[in-house]
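Subject: Handover of a structure and its findings

Dear colleague,

Please find below the structure that I am handing over to you.

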Amino acid sequence: MRNNLDRHLLAVRNLGILAHVDAGKTTVTERILYATGTTHKRGEVHDGTTITDFDPQERDRGITIFAAAVSCDWDGHRINLIDTPGHVDFADEVERSLRVLDGAVAVFDAVAGVEPQSESVWRQADRHGVPRIAFVNKLDRVGADLDSAVASIRARLHPVPLVVHLPIGRENDFTGVVDLLRMRALTWSDDGETAGGTIVEAAVPQELREDAMRRRRLLEEAVAERHPAALEEFCDRETLSAETLSQALGDLTRTGDGVVVLCGSAYRNRGIEPLLDAVVAYLPSPLDVPPVRGVQAAGRSTRRGADRVQGDADSTQAGADSMRRDVDRVQEAVGEQRPADPSAPFAALAFKVSATPTGRLTYLRVYSGTIEKGDAVWESGTRRTERIGRILRVQADRHAQVERAVAGDIVAVIGLKSARAGSTLCAPEAPIVLEPPGVAEPVVSVAVEARTSTDADRLASALARLAEEDPSLVVRTDAETGQTVLSGMGELHLEVAVEKVRRGLGVEVNVGRPRVTYRETVARGVSGLLFRHVKQDGGAGQFAHVVLDVEPLDAVGGERADGDVETGFAFRSAVVGGRVPQEYVRAVEAGCRDALAEGPLGGHPVTGLRVTLTDGATHVKDSSETAFRAAGRLALREALRRCAMVLLEPVVEVCVTVPEDAVGGVLGDLAARRGRVTDSTVRGASAVITATVPLAELFGYATRLRSRTQGRGTFSARPTGYAPAPVSAVTK
């Protein structure tokens with residue numbers, strides 16, 4: 001029985017397709033489904049007939065907006081595949097997907113090479129330690145060049161590319177590849193509907209033999225340098241067998257010491273079968289990755305804690321806060337591992353929630369154990385029991401019911417009421433909290449309101465559901481104007497969200513002009529700020545005395561390692577002699593974090609500062625954690641008013657591709673938008689301009705660019721952080 005379970009897990013591959021927008025991710029996914037026999041007709045993005053881009057907005061816009069899961073079988077292996085968005089505004093969809101994947105295929109355009117969002121998703125995969133193979137797509141396009149694409153991968157992403165293919169033919173004459181491992185030619189013929197459907201294996205063409213031998217030698221040397229077993233065989237025989245080379249490539253891929261590079265043309269269905277073979281051979285199974293780590297959580301026996309949150313268990317915000325509190329304890333608790341074992345206690349992570357006509361779907365990655373229809377599971381965030389109604393194998397917007405899901409599976413379930421993206425589901429008798437996916441802070445906001453008073457309640461309900469499905473969307477009420485404000489990752493992100501409200505629920509809304517989210521930071525700090533918090537109103541009082549130093553986070557040797565990556569905040573205590581007990585020090589830090597929500601310049605969040613607690617005093621009766629938290633909050637607010645503060649605005653790196661005759665006008669327009677050009681290169685008859693531009697200046701840029709270039713210009717953007725903003729550029 002044990003061997004059967006292991007064989008099942010070894011035959012599973014959970015992978016994602018990652019790339020820049022328009023690099024061909026969805027086409028690659030469609031061809032994989034076609035090659036594996038999952039579909040019998042090839043879906044096309046331009047025709048709106050794809051399986052994974054099933055949402056009406058995706059088909060209208062011709063881009064992937066929502067991560068879609070599909071499953072297929074190849075060579076006795078089950079492949080669970082997630083097609084992720086390529087547009088920067090939907091990077092959080094990629095983040096949530098990468099959190100639950102074991103491997104990925106990174107798709108690159110053979111003409112453009114590494115593009116801005118290619119770099120962003122690659123870094124996301126680096127953070128999650130997801131092994132990758134690379135597929136250089138669109139080799140049939142004019143200007144396509146495998147070597148140039150590989151050079152850009154090496155230069156911009158810094159992996160060790162291990163190229164296993166040599167193209168046969170160039171541009172429109174591209175017909176196949178030379179497999180450098182087995183030294184064979186693989187070609188595909190054009191024959192109507194089944195174009196590329198028939199693969200022909202033959203000897204390497206004579207005119208390519210010398211180049212193929214040279215590249216095979218370079219591949220062997222690169223692998224032998226990094227793999228001990230391959231080095232031993234290489235030294236003995238001065239060459240590597242195909243079996244040794246394949247095993248070494250798999251080991252290097254799984255450890256991240258190398259990236260296997262393949263090539264093809266997904267649109268013409270060339271190179272898909274070798275890509276599937278590479279997925280099976282090189283990317284890890286659930287047994288090949290380390291056991292998932294978590295922290296022990298309170299189970300059903302903690303009845304008091306469950307009762308405390310029962311009243312607002314259906315509140316998304318309350319549940320999210322509870323989940324964050326659990327995860328915060330990971331740093332202080334001994335980590336617990338859950339192996340990929342169907343017989344182990346059940347543990348799964350919810351990474352996506354979607355409302356459909358058939359019910360609320362919660363997408364799960366099962367890390368350990370087994371669940372069946374009707375099972376009770378423990379939701380660690382809200383500390384309540386949920387029951388699994390149905391378990392579904394997902395094919396984008398189509399579902400097939402299954403009786404059970406085991407470790408290594410990616411499935412959707414119906415019946416969960418409170419689980420959100422990032423929730424941990426586990427066995428009630430073995431509770432655990434898994435680390436949830438990170439959620440980026442929104443950078444663009446718009447005010448929304450229902451056009452009629454009768455639709456106001458429906459709009460509130462629709463926005464709440466949107467925020468539940470997409471954690472990167474934030475809904476709040478402006479304290480000054482009373483307006484409902486929707487915040488997200490970009491202009492397109494908000495457009496899609498608003499359109500979803502209009503189409504999905506038929507609620508007509510008015511939308512205000514987009515506004516960016518600013519930050520405030522400390523340019524020059526203060527030292528020795530003394531603050532006394534004393535409150536006496538009958539009964540036990542409150543007493544807390546703190547002394548703070550506040551300085552820019554980069555002030556000490558440029559260090560940021562001890563700061564919080566999300567908030568740009570570092571806190572430390574320099575109190576000696578136990579004048580402030582440790583539990584009160586933690587309360588002061590919590591109070592300081594509370595104060596970061598609003599800065600003195602305009603009420604914007606504060607980032608990029610270091611706070612040091614240098615001294616303090618307590619009262620034997622009136623001091624408490626509550627008092628010291630209040631003191632920390634009020635003291636930092638006072639300190640920030642005395643600091644020299646700087647307003648920060650979000651900036652993005654823009655990559656603009658335009659005809660050469662339009663370069664002058666585009667450069668002038670970028671300068672007028674406070675852009676700073678960092679690079680300009682010529683690619684064929686086009687120029688590629690890279691510039692850093694404030695996000696606030698990019699609203700409406702797509703329309704402006706089209707008018708300046710007669711519709712021939714395109715651009716992409718990716719966030720690069722925050723930069724000081726001139727006061728004149730800020731509009732409230």
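A cavity, as the word is used here, is a set of points on a 1 Å grid over the protein atoms alone where a 1.4 Å probe fits but cannot get out, and its lining residues are those with an atom within 4 Å of a point. The model is predicted, so local features need pLDDT of at least 70 and side-chain atom pairs count only at pLDDT 80 or more, while totals for chains, interfaces and linings use all residues. Residues are numbered from 1 along each chain as its sequence is written, and side-chain values use heavy atoms, with hydrogens and water left out.

Cavities

The structure holds four cavities of 30 Å³ or more, a volume being the space filled by probe spheres set on the points, which are joined across faces, edges and corners. The largest cavity has about 50 Å³ of space. Its lining consists of Ala-69, Val-70, Ser-71, Asn-80, Leu-81, Ile-82, Tyr-363, Val-394, Ile-410 and Val-411. At least two lining residues come from each of S2, strand S3 (77–83) and strand S22 (410–414); strands (E, at least two residues) and helices (H or I, at least four) are DSSP runs, numbered from the N terminus. By class, this lining has eight nonpolar, two polar and no charged residues. Here Ala, Val, Leu, Ile, Met, Phe, Trp, Tyr, Cys and Pro count as nonpolar, Asp, Glu, Lys and Arg as charged, and the others, Gly among them, as polar.

The second largest pocket

A pocket differs in being an open set, with protein on both sides within 12 Å along at least five of seven lines. H14 gives the most, with eight residues. The lining of this pocket has 21 nonpolar, seven polar and 10 charged residues.

Strands

Two strands pair if DSSP finds at least two bridges between them. An open sheet of four strands has the order S31-S32-S34-S33 and mixed pairing. Its edge strands, S31 (526–535) and S33 (569–573), each pair on one side only. S33 and strand S34 (residues 609–617) run parallel and are joined by five bridges, and Phe-571 stands opposite Val-611 in S34.

Elsewhere, strands S36 (residues 676–683) and S37 (residues 686–694) run antiparallel, with seven bridges between them. Val-682 is opposite Ala-687 in S37. The two strands S36 and S37 form a hairpin with two residues between them, and Gly-684 in the turn has a positive phi of about 70°.

Helix packing

Axes are lines fitted to C-alpha atoms, for helices over the stretch in contact, and angles run from 0 to 180 degrees between N-to-C directions. Helix H15 (residues 582–595) packs against helix H16 (residues 625–642) at an angle of about 40°, with their axes 7 Å apart. H15 is therefore oblique to H16: angles under 35 degrees count as roughly parallel, over 145 as roughly antiparallel, 65 to 115 as roughly perpendicular and the rest as oblique.

The axes of helix H7 (residues 206–226) and helix H8 (residues 228–237) come within 6 Å and cross at roughly 125°. That makes H7 oblique to H8.

Yours sincerely
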